[in-house]
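Hello,

I am handing over the structure we talked about, and below it you will find my notes on what turned up in it. Please read them with the structure open beside you.

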Amino acid sequence: MVAETPVNTDWKIEDGVVVENGVVGPENGDIGRVVIEAPGVVAAARPGHFVMLRTWEGEPFLPRAMAPLSYDVASGRMEIFYRIKGPGTRAIARTHPGEIARVTGPLGRPVVEDFEGRRVALVGRGVGITPLLPLAEHIVAKGGEVRAYLSARTRDYVFGHDRFAALGPVRVRVDDEDGDEALVTDALARECEGYRVDAVYGCGSWRLTRAAEALGVSHGFPSYVFLESKMGCGVGYCKGCPARLRNGDGYKLVCVEGPVFPTREVELSDPVHGPPE
Amino acid sequence: MKAELATDVGPLRLKNPVMPASGTYDWFGRDPEQVSADSFGAVVTKSVTLRPQAGNPPIRVAETPSGMLNAIGIPSVGIEEFLEEVLPQYHALDPPVIVSVQAYSPRECESMLARLSEQPRVDAVELNLSCPNLAHGTITAQSARLSAEMVAAARGATRLPIVAKLSPNVTDIAEIARAVEEVGADALCLINTVKGMAVDVETRQALLGNRSGGLSGPAIKPIALSMVWECYQEVDIPIVGVGGIATAEDALQFLLAGARAVQVGTATFREPRSLARIIAGIEEHLAQDGLHSVGELVGWCHKGRLTVGS
């Protein structure tokens, strides 16, 4: 279990400030967007990184793991989309501009592949779209090409659409217009014919990531997944965020050995709801 | 005058009374800028087992009111890889190193302690007699006889100080404490997590992969305090108090109840700088009260009320 590369200990704890916070889309929706100014963490963040966030004192006891959509070094701000579903995200939703947001980060292992001349497909759904944008920006900055395949319940939740579109072609499938049987990876499947893809990264949907992986297998490119997990600490201390390895070969920790893994290493199924149907 | 933070836990001399609880801090060869293991009273490793084991399936953690449940299940590289790859990294650290040991039988305990005794940088061992998350069934520390057998085996195999970590999931903690004291434990560590469970309404199943887990955090502090208090009266060996300590005031409460040192666990997950803050807070409190050393506070509860002029 000794890591092949050193565990990331280059994180800091920073008292950031909430700059903007509100619900995205319909007013009674369950997706929030918060902008936090935390220049130290923002300056150090790389694609693949995540942060632990706590905007409250007292309860709930633990901070929450979040993968920002963007880090803006000039303003020192990060933009986070979060699904409001438990006491932690409800507490974030109650936060007002000017209040303190304690941020620990950047955490995890960044994506450090060489992207020059590489053509990368990004497949994301819902809040799982967000960690793909820093990666997309990085790939383009390094001389690669990106195509984004984005899926969501409604158009309101295709986060960062225009910013992906500024970097390369974007395909979108939304449940309320296209039906939830239409997989955005069908578009990727079509485009794989006649367009060389060198790698695919998936996040936010087991179904889509499995479909992307299958395309990778048939067309001979590697696939990667950004995993989410319940976490105690986010920094490698608690061992509470195992990713199940394929072939029953034990676990890796999402926080310090991930959050990005080659799909051939980890099981692509929800730990709560069990293996894929 | 600066108050003396140093404390003794049996034969172990600590520069201050605050250390991480096993499995809640890890030395990766270096620390982040804002955390320094060199400031700790001691460093305690994650429990090591004789043979490698993977730990429990997800979900391993669940938040609760004022704390959390964990069912980590002690992922371990096994004692041999631990000695070769993990322990040498601890040579860089200044505080005493306490290796936490999880043995499934007295024989395993004996062989692990024999190996650890040969190591120059092991200053003490903590016997984890009380992990509630293992598939093997019994918690050793639920039986005075099993606990005594394990500690006796350890005692026969090493001259290192032995700290026995006990379980709160018992009817009479003092009975277990006396049993391990009798066979040569140098200190007690009180308490491990309290057995608990979470249920997921959506799946209608136990939330944790191992079904039940161990409750930690501020929620269990009163339980831990009462067990420290009780054992202080029942045994002569020193006590390391642990359970829900998140602030210097919490730590002081444990010292007053009879602990000579404390461990901080779950609070580190919320705030990785917790240990440093607690150490500083204790020092500040001693100075404010005009005390010369931590030792003056230990067990004060048992001496009766502090009255003006006393």
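Ile74(B) is buried, because its relative accessible area is 4% and a residue counts as buried when that value is under 20%. Please keep in mind, for this and for everything that follows, that the model is a predicted one. In chain B, Ile74(B) sits in the loop that runs between strand S6 (67–70) and helix H1 (79–86), and its phi is near 50°, a positive value in a residue other than glycine. Most residues other than glycine have a negative phi.

A second residue of this kind is in chain A, where Lys239(A), although it is not a glycine, has a positive phi of about 60°. Lys239(A) belongs to the loop between strand S12 (223–226) and strand S13 (242–244) of chain A, and with a relative accessible area of 10% it is buried.

According to an unreviewed UniProt entry, the annotation "active site" covers Cys131(B). Cys131(B) is placed in the loop between strand S8 (124–128) and helix H3 (144–157) of chain B, and is buried, with a relative accessible area of 13%.

Next come the peptide bonds, of which most are trans. In chain A, however, a cis peptide bond joins Glu59(A) and Pro60(A), with an omega of about -5°, and Pro60(A) is part of the loop between strand S3 (50–54) and strand S4 (64–66). In chain B, a cis peptide bond joins Leu190(B) and Ile191(B), with an omega of about 15°, and here Ile191(B) lies in the loop between strand S10 (187–190) and strand S11 (194–197).

Which residues touch the most other members of the largest nonpolar core? They are Leu116(B), Leu166(B), Leu188(B) and Ile282(B), in a core of 108 residues, and the largest share of this core, six residues, comes from helix H6 (residues 248–257) of chain B.

Best wishes

Definitions and conventions. Residues numbered from 1 in each chain as written. Chains lettered and ligands numbered in written order. Predicted model: local features only at pLDDT ≥ 70, side-chain atom pairs only at ≥ 80, totals over all residues. Heavy atoms only, no water. Core = buried A, V, L, I, M, F, W, Y, C linked by side-chain atoms within 4.5 Å. Buried < 20%, exposed > 50% of the residue type's maximum accessible area, 1.4 Å probe, protein only. Helix = DSSP H or I, 4+ residues; strand = E, 2+ residues; numbered from the N terminus. UniProt positions renumbered as here; feature names shortened; annotations may be inferred.
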